[in-house]
Amino acid sequence: MLLISSIVTPLGARAAESEPPLKQVSYNSTERMSSPSGKNPAGEDVPEKYTKLKFSRNPTATTTQIREDAGVNKKIAKIVFYRDGEVVKTVPVNNQKFQQSTAFTGKTIKVKSAENEGNGTWFAWQRDAEWDIGNTKNTDFVGRSWWAGKTGRWEFFNGTVNGKNFTDPPAGSEGIKGKQYEEFPGKTVKLTIQYKRDQPFYSEEFGEIFDFKEYVVDNRANTIHKLNPTKPSDERVKVLKNSVVRDETNNLTGRTEPSTEIISFVYGQYLDEDGKADPAKEDIRDLTYAVIQFVQKHGSDGYKYEIIPGTDKKGEIGGEYNPKDPNTQAMTFYYAAYNYTVYSYSYQYPDSYRVYTEDGPPPTTEPDAACTIEDGRSITGTKMTPEATGMIKADQRDRQIFDVLQGIPTSESLYGSVLANNYLYKDKFQEKVGVCTYNLTVSQTYHFTWTPKKEAPEPDEENP
């Protein structure tokens, strides 16, 4: 038996042509483009199909210059860009070569860093033997027994937060060696503290298949503020009640202060050395931490320790304070801890493209040419002296209140002014003149028309 197998193409149909190969899209280095890599939370490598995806923190991005050449007698019909296999842009070309960059608007991917807790924070007060009630030696807090470093990250507070009234708690008193000392600080304070973000960014679209690196997450202040309002909510930030905080510096632990109440929550705000918003960096945010402002009552709930005098005269923290055997030198610690979630965007871009080609017009040839080139006129110019002048005078300009040549009073300000030519130059321009002769081959078709032969007329008197 003879078996015959054949493939029949229906009349009018064409067999499918194979697709051109996929090529990777490259972007300018300023776009900070990145692809997922490393391991996911399950400890597995990120699947290969995702390692080719492209993400950036910028909402728009431009590719490096794409250089494609279809070759002789061919042309590029179009270039098609893909994002995760989906066509996002088609660029018509209709030329043998393509050499240009292409701009894109990224696909917005919402990302979230959830359940950030960090290690919590602590605040300490110190009491000294010379700081009895009513003393004048506690220079920062005259009359008080307790002192805390004035770093600019905290201040005294009396007011209402979230409907709760915050006034100073009782400080109490205790007699030690014939003097009266405050038992506790007895103050309500407002603190501004940075809490580290310790959880990666993930998206709902890709789940936990891979995380988004910090440098591909939008850090513009307007984006961060829109997604993370200053007014706190339980969904975004929570006070961890009765949570244990470890003070690595002093090797101590304690539970969070129960009176803690959040005033505001600002993700990534840059702070100056006084703990205030840094105006020089108001347009961007630091994605590594959140700034939480809160109040606490520093009263009897603190963790109090006695101070043992040391050889360096600074002393060191001893055991827990024993009120039955009081010590004038003591420290009291108050703790706080939070759990917070923050949001932002990343932007996904085309990761590959295909170049579609087709037959093009036949090549054209350039005619032979013979050129005779000679130098013509030349023009030169030079100005290499800056002709600089300068002056130093008293501020304000044109309203000087003293003559600097006579002397400069202490604490007075000056201004300096320097004038010079905008630029220096030395140049020569050379004119080129000549004649080019092109050898051309020209063809012309002529169409002839023939007239039939006619008999000549017989001569007569008028036409002899």
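Some housekeeping. This is a predicted model, where local features need pLDDT of at least 70 and side-chain atom pairs count only at pLDDT 80 or more, while totals for chains, interfaces and linings use all residues. Residues are numbered from 1 along each chain as its sequence is written, and side-chain values use heavy atoms, with hydrogens and water left out.

Now, ring pairs. Rings of Phe, Tyr and Trp (its six-membered ring) pair if their centres lie within 6.5 Å; planes under 30 degrees apart are stacked, over 60 edge-to-face, and the rest tilted. That rule gives 26 aromatic pairs. Take Tyr50 and Phe210: centres 5.8 Å apart, planes at 45 degrees, so that's a tilted pair. Both Tyr50 and Phe210 are buried, meaning under 20% relative accessible area, with exposed over 50% and partly exposed in between (1.4 Å probe, protein chains only). Phe210 also pairs with Phe212, centres 5.4 Å apart and planes at 50 degrees, so tilted again. Ring pairs link Tyr50, Phe55, Phe206, Phe210 and Phe212 into a cluster.

Last one: is Lys187 buried or exposed? Buried, at 15% relative accessible area. Contact means heavy atoms within 4.5 Å, and beyond its neighbours within four places in sequence, Lys187 is in contact with residues including Trp125, Arg144, Phe156 and Asp168.
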